[in-house]
Amino acid sequence: MKNMKLPKHSILAVAILLTWIKTYVVYHTSFDMKIENVMQQVILFLNPLSFLLLVYGISLFFKSVKARNRYLLITSSILAVILYANVAFYRFFSDFITLPVLFQTSNFGDLGASAAESVYFTDVFYFIDVVLLFAAMKWLPNAKEMAIVKPAIRRAYFVLAAAVLFLNLGLSETERPQLLTRSFDRELLVKNIGTYNYHLYDIYIQSKSHAARALADGSELVEVNNYVRSNQAEPNYEVFGTAEGKNVIVVSLESLQSFVVNEEMNGEVVTPFLNELTKDEDTFYFPNFYHQTGLGKTSDSEFLVENSLYPLGGGAVFFTHSGNTYNSMAESLNEKGYFTNVMHANNKSFWNRDMMYNALNVDQFYDVESYDIAEGDAVNWGMKDIPFFKQSVDHMAEMKQPFYSRLITLTNHYPFHLEEKDKFIPEYDSNSGTLNRYFQTVRYMDESVKTLFEDLKAKGLYEDSIIVMYGDHYGISENHNEAMAQYLGKDITPFESAQLQRVPMFIHVPGSNKGEVVEEVAGQIDIRPTILHLLGVDTSKDMQLGADVFSKDHEEFVVFRDGRFVTDEVVYAGNVCYDKETGLETDAEACAPYIERASEELGYSDEIINGDLLRFYDEKTGNLLIDETTESKK
Ligand code: GP9
Ligand code: MN
């Protein structure tokens with residue numbers, strides 16, 4: 001061994017290789033990550049490398065052997081502790097660590113108790129790379145030699161590290177577009193960018209929102225409060241309280257847009273059951289209802305429903321602000337004695353739901369673990385909607401009443417795949433496979449909603465419940481404009497694009513006999529006050545930007561998250577003012593007064609979220625808590 005000529009920096013290479021291989025082995029042995037194809041496997045293998053090259057590479061700047069080796073060992077140990085902490089955490093929570101978890105003191109009790117139980121003697125193997133590195137330093141002949149590193153070599157090394165990072169990000173982007181901007185899920189992040197990079201990303205996201213929060217002192221609320229109060233809508237007392245005490249079932253209809261409702265596709269009815277509902281005597285149907293989501297998609301729509309505030313313009317608020325104080329609909333209904341819950345047969349960490357639901361005071365989250373997904377019950381993104389509804393209603397039958405359940409469907413999700421037996425109508429015939437299949441999955445969704453109603457009746461829950469259903473966001477993006485133009489028989493102008501953001505909304509009140517088609521222009525932000533008023537809950541103190549759609553004061557003015565807006569007369573899109581009736585460009589004057597209002601309203605919402613301002617607000621009294629004593633209300 002003494003005579004062997006090893007490369008000068010072999011100890012650096014050894015450190016990188018050991019941690020790299022160990023991390024990859026740990027991915028497979030200690031986390032349950034679903035790897036669906038070879039590319040995902042390649043990314044998983046590659047993903048620790050860029051970070052390891054970078055941190056261990058810092059050793060190239062050291063001038064003494066001792067300091068360099070100590071740095072390598074300490075780094076290796078810290079990384080081993082981080083990875084191991086994730087392993088131990090995962091054993092209990094099936095999730096990766098995120099900063100807010102460490103700072104949420106309420107979690108600590110759980111963490112401590114769980115940690116003790118989830119440590120085994122064999123866990124020393126998670127530190128095997130540290131031990132081997134230590135051994136290598138002792139026995140590798142040149143580990144005790146110092147090589148002078150030329151700046152050019154060092155530069156080349158870091159260029160290589162950066163190249164690996166970009167290769168990694170590039171491959172991930174093809175596997176999962178918009179991964180970093182939308183965040184999605186911790187598992188997806190770890191799968192794609194690796195545990196270590198994931199922690200950096202997490203620190204970045206969390207510190208950004210912490211900084212804005214630290215600067216806010218609550219004085220910002222005065223102006224926001226004035227705006228909210230001046231737009232307050234008085235309840236309509238013909239409707240107010242008509243569903244008092246009933247169970248509330250809110251259904252998020254994945255990717256459902258209004259353009260399929262009451263329409264046909266090549267002679268096939270697409271939504272037969274929903275079409276019936278639009279004419280039903282117990283159903284209010286809103287054809288001029290718009291989604292207001294941003295990058296957070298489904299989760300943004302949930303945010304709108306729970307908080308009657310806008311989601312954020314960049315990133316997903318479920319990820320960036322799950323540590324905020326909120327006065328959610330779940331919280332209001334909790335106080336009225338409701339058992340509040342969300343049902344969604346997906347990983348609980350998806351969209352950071354587990355964290356956000358805590359912040360929203362949701363009593364229980366029925367995630368994928370609460371469902372029995374038999375062979376053939378899953379397609380596309382997960383459990384099919386029909387069995388999902390069935391098992392959800394089974395859960396409801398066990399609940400203490402009244403309950404507020406939010407159900408999130410999944411089958412009608414891009415890329416809209418279905419098994420043959422679930423295709424009730426043929427595909428469409430455009431150049432877009434996505435749009436062609438969309439009609440089929442929507443048809444399946446329609447069928448699933450029908451079964452939901454039947455299941456509720458069968459369990460005797462129907463009469464005592466109200467059912468609110470809304471499309472969460474668009475399903476067909478502008479990439480399919482040509483195909484959409486073929487289907488709609490008209491060009492997709494910015495006006496049409498805005499109109500395509502209509503999603504259906506239904507409020508079904510069994511036995512009410514008051515059902516009608518409500519033409520009012522409204523948006524997802526209005527769902528909360530509308531439901532609360534139906535239940536007879538006062539919202540006059542709520543810090544909200546939506547209004548009860550049944551109220552005479554409800555304003556026909558819907559702001560999209562990207563600043564477009566729609567009123568009863570105009571549509572403002574692509575910086576052009578359109579006449580709502582004709583779809584033709586109209587006098588900019590007609591839009592002018594609303595342009596500022598739209599950005600003002602979005603701005604207030606952003607202020608509330610970024611400054612975590614609801615911690616300075618007492619929703620019971622409507623008082624602003626703007627002095628030191630407020631600091632304790634976190
Ligand atoms: C996943 C579901 C779909 O849990 O919410 O997410 P989306 O991509 O529609 O936001
Ligand atoms: Mn969705």
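1. Helices (H or I, at least four residues) and strands (E, at least two) are DSSP runs, numbered from the N terminus. On this basis, residues 246-537 are 34% helix and 17% strand, and the end C-alpha atoms of the span lie 12 Å apart. An unreviewed UniProt entry lists residues 246-537 as "domain: Sulfatase N-terminal". UniProt positions are given in the numbering used here, feature names are shortened, and annotations may be inferred rather than shown by experiment.

2. This is a predicted model, in which local features need pLDDT of at least 70 and side-chain atom pairs count only at pLDDT 80 or more, while totals for chains, interfaces and linings use all residues. Residues are numbered from 1 along each chain as its sequence is written, chains are lettered from A and ligands numbered from 1 in the order in which they are written, and side-chain values use heavy atoms, with hydrogens and water left out.

3. The unreviewed UniProt entry gives Glu254, Thr298, Asp472 and His473 as "binding site". These residues span 220 residues in sequence, yet no two of their C-alpha atoms are more than 7.5 Å apart, so they gather at one spot. Asp472 is in the loop between strand S11 (465-471) and helix H20 (481-488). With a relative accessible area of 0%, Asp472 is buried; buried means under 20% relative accessible area, exposed over 50%, and partly exposed in between (1.4 Å probe, protein chains only).

4. Ser64 is listed in the unreviewed UniProt entry as "modified residue: 3-oxoalanine (Ser)". The loop between helix H3 (49-57) and helix H4 (65-93) holds Ser64. Ser64 counts as partly exposed, at 32% relative accessibility.

5. Most residues other than glycine have a negative phi, and most peptide bonds are trans. The bond from Gln401 to Pro402 is cis, with omega near -5 degrees, and a cis bond also joins Tyr414 and Pro415, with omega about 0 degrees. Pro402 sits in the loop between helix H18 (385-398) and strand S10 (403-408), and counts as buried at 18% relative accessibility. Pro402 and Thr340 are 62 residues apart in sequence, with a C-alpha to C-alpha distance of 9.0 Å. Pro415 belongs to the loop between S10 and helix H19 (433-458).

6. Asn266, although not a glycine, has a positive phi of about 45 degrees and lies in the loop between strand S2 (264-265) and strand S3 (268-269). For Asn361, phi is near 65 degrees, again positive in a residue other than glycine. Asn361 is in the loop between helix H17 (353-359) and strand S7 (364-366), and is partly exposed with a relative accessible area of 35%.

7. On the surface, Phe121, Val124, Phe125, Ile128 and Leu132 form a nonpolar patch with about 550 Å² of accessible area together. Patches are made of residues with over 30% relative accessible area and no salt bridge, like charges being joined within 9 Å and nonpolar side chains (Val, Leu, Ile, Met, Phe, Trp, Tyr) within 5 Å. Accessible areas come from the Shrake-Rupley method with a 1.4 Å probe; for residues, only the protein chains shown count as cover. A salt bridge is a side-chain nitrogen of Lys or Arg within 4 Å of a carboxyl oxygen of Asp or Glu. Phe125, in the loop between helix H6 (105-117) and helix H7 (128-139), is exposed at 55% relative accessible area.
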